[in-house]
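Hi everyone, thanks for coming.

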Amino acid sequence: MERADLSPREPSVQIADLAVHFAGRAALHGINLTLEAGQMTVVIGPSGSGKTTLLRAINRLNECFPNCRTVGTVRIRLDGRWVDAYRDFRPVAELRRRVGMVFQTPNVLPCSIEKNLSIPLIRVAGLSKSRLPGRIEWALREVELWDEVKDRLRHNALTLSGGQQQRLCLARALALKPQVLLLDEPTASLDFRATQKIERLLLKLRDRYTILAISHSLGQTRRLADRVIVLRDGRLAEQFDREHLEDAETFEALLEEIF
Amino acid sequence: MISTPRRSRSTLSGERWLRGLLLAATLVSTVAVFSILGFLVYFCLPLADPARLAAVASCTWQPFQGQFGILPMVVGSLSLAAGALVLAFPMGVGICCLAHGLAPRAVARALLVLIHFMASIPTVIYAFVSVFLLVPLMRQWFERGSGFSLLSAALTLAVLVLPTIVLLIHIRFEQIDPPLRLASAALGFSPAGELLWVILPLSGRGLAAAAVLGFGRAIGDTMISLMVAGNAPQFPTSMLDSIRTLTAQIALVVATDSQTPAYHSIFACGLILFLATGVVSLTIRRLRLPSRESLFHAKNA
Amino acid sequence: MQKTLDSLFVCFAWLAGLVTVGMVGLLVGFLIWRGAGTLGLELFFADTPPAAALLGRQPVFDGLWPAVAGTLLLVITSSVISIPLGVASGVYLAEYASGRWRALLGLGVDLLAGIPSIVMGLFGFSMILLLRKTLLPSANTCLLLAAVCLALLVLPYVIRTTQTAMESLPGHLRLIGPALGMTRGQNIRHVLLPGAGRGILSGAILAVGRTAEDTAVILMTGVVATGGIPQRLSDKFEALPFTIFYLAANHADRAELNRAFGAALVLLALTGILFAMAYWLQRTLERRWKGRI
Ligand SMILES: Nc1ncnc2c1ncn2[C@@H]1O[C@H](COP(=O)(O)OP(=O)(O)OP(=O)(O)O)[C@@H](O)[C@H]1O
Ligand SMILES: [Mg+2]
């Protein structure tokens, strides 16, 4: 699982002085963070510490909730240019297309597998009909779902197993060709085997995307993370690099941090 | 062994009584439906004679010449209900979309309150205002006829069935919207895009139910067609023609108290209406609506 | 392309919303404009002294009072039938009925809910026809008949609101009674019904509103244009919605037309108040259960 650094790592997302308030109460404050391309950063922290809020601040999904106020800057490098997520996107849809997100529980659309991929591809990315089948197959192969579903693309997505649904959600995000992936506990609702499978996929994907993931499992964190950040009470409490994780003492400290 | 307390016997029989009483109350609805059907059929029986049946199922209503055809009224009812539905359905969809993401929350909430309020406005008031506001306008604009026409009635009736349609679609949207809202937003859908490409295509059943129930309400309405449609027993050839519906026919014949043969024809009208709305109710059940609130808020005109 | 479609759709939705708001505004505004001037004691009692009219000592001509009184009597008589019956059967459907019975009885309620009011009126009318042919040659349409038909018309609303109110009670409430050793009936009476009370009440109020507004049923079952205040259940009666309908087509002069506008405004205010009450009850109810969870 060792991995050679091919190129000097480049920053891809920069968060500065970020604070998010819900109805006047701060859920996040004073967050400064840089995410690098080709790296997986894992966020851990106790429940209610603001992990989900941090992820949603990056694709501005917090705005879907009433009484939410965000201050600070989130800058993202897209196609080599730095853009401010909160100023330069009008409408916000383009930002969300380039920053894919997978949720804790699979949330497929209650229609066919194919439609789950094609509706956003046609309506959001504006993909032409002729390029559609190729892109769908590519996305499903990317998450190793193609062989399992290629004969039943027209079946309802709800007939898939939980792990398959979650991989479909990942494929749906990947199909839109994002540069950043936000994963909110993607294996939380899955059993051991399905979890393993998703973890393997993520290891394969992490070189090509900037990934920010939440995890509740320390084992998983160790297996996947290039970097770990710890949130507590809406603050960034600590950061570790990969090397520290393998160190038993740090690991102990981490355990205490969370529980 | 566990001994049961003394009182249990009397409470037990009390329980049984209560249950029986409640069941009896519940049976009232079913019994009422069957008696209504029974009465309608019974009074239609004289029409079992082929000659009389042919007279009723004909195209001319001239009771004093002995012609009791009700087909013009059937066509009148159908065209009025269809007209109202064509006007009200797209409006209902638009309003539902406003209430589910296109409009700011405060506006959305106010809009839904307004829709509920519309459902509580008496039918006779819609018709009354139409007679003194819409009909004169129609007379001026089209410079033809009296203004009492299929078009005037359809416009008014559209307002009447609008709340029914909105509330039904709203219920369906409420079911599918919340879990998908965040996921769609994360995929880059705008609120309009989400509604147009995700929510609406997925609410086929709700839309169908709304259309069917809206049609049922429209066809069962009496006051608007009676007061606004003009009541000429003829086949409409344009939207500006005056028409007479089945419901208005019943009201008019009973009011004028004409000779007996005409009576049988109104029971035929009643039976047709009963069967039509029965089919509507059965269809709605087949579409298995999520909540009964819909039927409760929707107007039974 | 995609963007234009989206914005066209947004424009259409806003247009639909604005048109609807405009129409309701126009309706209410028009009624107030034409009707507000007529409001006053004279609208209700004409030149009869109000006290004498209220006590029934002097009949009122050219005033709305007999119609208002008729509507009130009709609503009371009808509600006395429909509300207990509806609540009882709502409770049965929510708490006792199960499986096939529940589906079958529910079907009856749904079918009844769909019956147009003119057909309900025709049903009442044909009952009288049958009675005349058989037991009672002197039978005639009257207040009681209208009240019964109206009760059947609104019965499904009462049933369904009761049922919904009972079924949406939180689970923990359902366990209180049995945990205390209550029987099923006691639990319903002392725990569940009070819990669902507001929901049931709001449904009952809406049903009252519907009883007050319906015109087609009474048209067939005994309403008259001038009949004074009914003294017995077997009397004919006047009613507000019918007065509106009748005067709209048969007003002899400006004064009668104004009276029609006054009557329409009064009826709108009546149903508006009932609506506001029902809505308020519903809102407080939602807040209560949401607060608990
Ligand atoms: N939509 C919202 N409205 C109000 N408060 C919110 C909202 N979303 C989150 N919060 C608050 O913000 C804080 C952080 O919530 P967040 O969901 O980010 O926690 P989390 O770390 O993801 O927790 P978990 O591990 O349980 O998912 C919490 O105190 C929560 O109550
Ligand atoms: Mg979370």
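Let's begin with chain C, whose secondary structure comes to twelve helices and zero strands; helices (H or I, at least four residues) and strands (E, at least two) are DSSP runs, numbered from the N terminus. Before I go on, some housekeeping: this is a predicted model, where local features need pLDDT of at least 70 and side-chain atom pairs count only at pLDDT 80 or more, while totals for chains, interfaces and linings use all residues. Residues are numbered from 1 along each chain as its sequence is written, chains are lettered from A and ligands numbered from 1 in the order in which they are written, and side-chain values use heavy atoms, with hydrogens and water left out.

Back to chain C. Its C-alpha atoms fill a box of roughly 70 × 65 × 40 Å along the principal axes. Of its 293 residues, 55% are buried, and here buried means under 20% relative accessible area, exposed over 50%, and partly exposed in between (1.4 Å probe, protein chains only). Among contacts in chain C with a separation of 6 or more, 71% come from residues 24 or more positions apart; contact means heavy atoms within 4.5 Å.

Now, how many residues of chain C are in contact with chain B? There are 91 in chain C, and they touch 88 residues of chain B. The size of an interface is often given as the accessible area lost when the parts come together. For chain C and chain B the buried area is about 7,900 Å², with carbon and sulfur atoms giving 77% of it; that is the accessible area (1.4 Å probe) that the two parts lose on being put together, summed over both.

What about charges across that interface? The rule finds one salt bridge between chain C and chain B, a salt bridge being a side-chain nitrogen of Lys or Arg within 4 Å of a carboxyl oxygen of Asp or Glu. Arg285(B) forms a salt bridge with Asp110(C), and their closest N and O atoms are 2.7 Å apart. On the side of chain C that touches chain B, helix 1 (residues 2-35) of chain C gives the most, with 20 residues.

Over all chains, the structure holds 21 salt bridges, so let me show you a few. In chain C, Arg102(C) and Glu167(C) meet at 2.6 Å, N to O. This pair links distant parts of the chain, with Arg102(C) in helix 5 (residues 99-114) and Glu167(C) in helix 7 (residues 143-167), 65 residues apart. Both are partly exposed: Arg102(C) at 26% relative accessibility and Glu167(C) at 33%.

Over in chain A, Arg141(A) pairs with Glu137(A) in a salt bridge, with the closest N and O atoms 2.7 Å apart. Why are these two about one helical turn from each other? Because they are four residues apart in helix 4 (residues 132-142) of chain A. Arg141(A) is partly exposed at 44% relative accessible area, and Glu137(A) is partly exposed at 27%.

One more from chain A: Glu148(A) and Lys197(A) form a salt bridge at 4.0 Å, N to O. Glu148(A) sits in helix 5 (residues 146-149) of chain A and Lys197(A) in helix 7 (residues 192-205) of chain A, so this pair ties together parts 49 residues apart in sequence.

That's my tour, and I'm happy to take questions.
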